[in-house]
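Visitor: I am new to this structure. Please take me through one part closely, and then through what can be said of other parts.

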Amino acid sequence: MENVSFASTGAHARPVDLPVKMHGRKVEVFYGQKQALHGVDLEIPERQVTALIGPSGCGKSTFLRCLNRMNDTVEGARVVGDITLDGEDIYNKNIDVVELRARVGMVFQKPNPFPKSIFENVAYGPKIHGLAKNKAHLREIVETSLKRAGLFEEVKDRLDEPGTGLSGGQQQRLCIARAIAVSPEVILMDEPCSALDPIATATVEELIDELKQNYTIVIVTHSMQQAARVSQRTAMFHLGRIVEVGPTEKMFSNPDDKRTQDYITGRFG
Ligand SMILES: Nc1ncnc2c1ncn2[C@@H]1O[C@H](COP(=O)(O)OP(=O)(O)OP(=O)(O)O)[C@@H](O)[C@H]1O
């Protein structure tokens, strides 16, 4: 497996050799005639949280959606370049996109539980992917996923009630449980706390911190505090390019690029 090098991040870079889970090289994205990403290179280290930051419209969500081919579903979108998962090209024509999206799950900005029971929300993925041997096994997968998402204790007595009846923070953890239920390797999160209050945000942030023990996480966030709290690595996007990437600590204490400095201190964006 490839290793991440922090060579370009200056004297404060930690000399760590981390396995690379995903790797984007020279990624360009076009929406019709409009080019949204210009030659983006980014390594995603395994079992770490990578934060994508930058001003509105700079291409963070576009890049995130490239990582599980969600841009395939956007009309007029075209992706050029190379993106690998464990060294394998995810844009190869032999890739089963449904399977890819199980391996690289996604949690959206607004919690979006299915209009089904709490149990069925989590059971749905394992059922369609044929992951459960029998009913007892399915129940076990649902329970484990809810536990990992830190929600089980709150919902164990009402698994048959609608997922949409939960609070916003609980719904978001339900969506995380739903992603976990199909045993993903990578979880993509697009501003997962932007619709949550501060207490629910803190709970989800703690959860993200725990999840990195088992999963590789990529998170888009507008909150600099959140990026600093939850991530180990940060990539700063600007006008469809990455202007700086490195260990979060360094990015927030001593960035190399003036645009990063200006953005994290609130001077633009
Ligand atoms: N479906 C689409 N069709 C056309 N243009 C799009 C589409 N989605 C995004 N764009 C454009 O691509 C550029 C990058 O958008 P993107 O949503 O990736 O940025 P972002 O950094 O995630 O922004 P934000 O922080 O506001 O969510 C923007 O100029 C945006 O207007």
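Guide: Helices (H or I, at least four residues) and strands (E, at least two) are DSSP runs, numbered from the N terminus. This is a predicted model, in which local features need pLDDT of at least 70 and side-chain atom pairs count only at pLDDT 80 or more, while totals for chains, interfaces and linings use all residues. Residues are numbered from 1 along each chain as its sequence is written.

Next come the helix pairs. Helix H3 (residues 118–128) packs against helix H4 (residues 135–148) at an angle of about 115°, their axes 9 Å apart. Axes are lines fitted to C-alpha atoms, for helices over the stretch in contact, and angles run from 0 to 180 degrees between N-to-C directions. H3 is therefore roughly perpendicular to H4, a term for angles of 65 to 115 degrees, with those under 35 roughly parallel, those over 145 roughly antiparallel and the rest oblique. On the H3 side, the contact is made by Phe119, Val122, Ala123 and Pro126, and on the H4 side by Leu138, Ile141, Val142, Ser145 and Leu146; two residues are in contact if their C-beta atoms, placed from the backbone, lie within 7 Å. Eight of these residues are nonpolar, one is polar and none is charged.

H3 also meets helix H6 (residues 168–180), where the axes come within 7 Å and cross at roughly 30°. These two helices are therefore roughly parallel to each other. Ile118, Asn121, Val122 and Gly125 in H3 meet Leu174, Ala177 and Arg178 in H6. That contact has four nonpolar, two polar and one charged residue.

Glu191 sits between strand S8 (186–190) and helix H7 (198–211). Leaving out residues up to four places away in sequence, Glu191 touches Gln109, Val220, Thr221 and His222.

Terms used. Nonpolar A, V, L, I, M, F, W, Y, C, P; charged D, E, K, R; others polar.
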